[in-house]
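Please keep the sequence and the model in view while reading.

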Amino acid sequence: MFKKLNDKLIKSVKSKRINVFLLFLVISFGILMLTKLSKTYTNTIAFNIEKQNIPETDIILDDSLPILNITLKTQGFNFLKYYFDKPKIKLDFSSKINRTDSMYIWNNQTAFSDIILQFDSDIEVLNVNPDTLRFIYDENKIKKVPVKLNSNIQFKLGFDMLESFNLKPDSIKIIGPKSVLTDIDVVETRNLDLSDVASNFSERIKIKNINDSDNVKISPNEVLVSGKVDKFTEGKLKIPVEIINIPDSVQIKFFPKTATLTYYTSLLHFKSIKNEDFKVICDFKTIDNNQTYLIPELVEQPLHIKNVRLNPNKIEFIITE
């Protein structure tokens, strides 16, 4: 019993000694670091460029990220923040940067004072390298282009759309360099996927990113797509065939005299569709030598139909005189 108590006491003393040692070690390390950080150092740090106040009429085309290597002299404490966060330096394009016909030119000699003002008074700026930065630019242009819908819409059996999709807006503005916008004549939407559609729909869909999209702005960046859906049915009518452009010196006989026309329409418009709404012709001028048939063509039809088919697709004929 006494031996166990003695062992616990020894372990407790040893543990306290270790804790005290670790405490002194931490304190010593902290004092060492404070001493080091309170000293003055000279170091060169790479600063990323943050471009500010670029005129709205211009756009910088540089793909690379320009960097300024700035040599600083200050206490170690002040250097700590540059190692924990990516340092940036601001360049104001509205002042002290020369503008030519094709580029902006930043020069250390004329803009050195702007660099100094971005640091605290206890930080001394010794050197900036390189002493010149060039930024190629282009003029911004505004262009209005139509929107093309990409869609994959599956309708429920017996349902369909009679009219085309309605896009609001059907065209949008793109803003960017003239050299980029020249080749853009249309913008496309992301894909609209719908299945088992049996009623009217309205969906917002984003515009696809444009190549070189970092330099091109889209306004707006989405469109409202809507469609009127109705129940559909199939209709059939026999339409008389008319032959046109027969020379006065020629007489023909042809067969069949009518063509069966199959179409697809909504129930709403089905009863209003009549034979008189259609016209089927064959143009005698289109035949080749020794050809014994004509091709029927639907040249008139009402607005409210789709998927029209003609049968037969050939009209036989013979010349009688």
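The points below move from the whole chain to its aromatic pairs, its charge-over-ring contacts and one serine.

The structure is a predicted model. It contains five helices and 25 strands, and 32% of its 321 residues are buried.

**Overall picture**

- The protein exposes about 21500 Å², of which carbon and sulfur atoms supply 52%.
- Of the contacts between residues at least 6 apart in sequence, 74% join residues at least 24 apart.

**Aromatic pairs**

- Counting rings whose centres lie within 6.5 Å, the protein has nine aromatic pairs.
- Phe-47 and Phe-119 form an edge-to-face pair, because their planes stand at 85 degrees, with the ring centres 5.7 Å apart.
- This pair links distant parts of the chain, 72 residues apart: Phe-47 belongs to strand E1 (residues 40-52), while Phe-119 lies in the loop between helix H3 (108-116) and strand E7 (124-129).
- Both Phe-47 and Phe-119 are buried.
- Phe-93 and Phe-135 also make an edge-to-face pair, with 5.2 Å from centre to centre and 70 degrees between the planes.
- Here too the pair links distant parts of the chain, 42 residues apart: Phe-93 is in the loop between strand E4 (88-92) and strand E5 (97-99), and Phe-135 is in strand E8 (residues 132-148).
- Phe-93 has a relative accessible area of 4% and is therefore buried; Phe-135, at 0% relative accessibility, is buried as well.
- Phe-93 and Phe-135 belong to a cluster, linked by ring pairs, that also includes Tyr-104 and Tyr-137.

**Charges over rings**

- Lys-257 is placed over the face of Phe-254, 4.0 Å from the centre of the ring.
- Tyr-293 has the charged end of Lys-314 over its ring, at 4.4 Å from the ring centre.

- Ser-266 is found in strand E20, which covers residues 258-266.
- With a relative accessible area of 2%, Ser-266 falls under the 20% limit and so counts as buried.
- The side chain of Ser-266 makes a polar contact of 2.9 Å with the side chain of His-269.
- Leaving aside residues up to four places away in sequence, Ser-266 touches Leu-162, Asp-230, Lys-231 and Phe-232.

Technical notes
Residues are numbered from 1 along each chain as its sequence is written. This is a predicted model: local features need pLDDT of at least 70, side-chain atom pairs count only at pLDDT 80 or more; totals for chains, interfaces and linings use all residues. Side-chain values use heavy atoms; hydrogens and water are left out. Rings of Phe, Tyr and Trp (its six-membered ring) pair if their centres lie within 6.5 Å; planes under 30 degrees apart count as stacked, over 60 as edge-to-face and the rest as tilted. Helices (H or I, at least four residues) and strands (E, at least two) are DSSP runs, numbered from the N terminus. Buried means under 20% relative accessible area, exposed over 50%, partly exposed in between (1.4 Å probe, protein chains only). A charge sits over a ring if NZ of Lys or CZ of Arg is within 6 Å of the ring centre and within 35 degrees of the ring normal. A polar contact is a pair of N or O atoms within 3.5 Å; within protein, one must be able to donate a hydrogen and the other to accept it, and residues adjacent in sequence count only if both atoms are side-chain atoms. Contact means heavy atoms within 4.5 Å. Accessible areas come from the Shrake-Rupley method with a 1.4 Å probe; for residues, only the protein chains shown count as cover.
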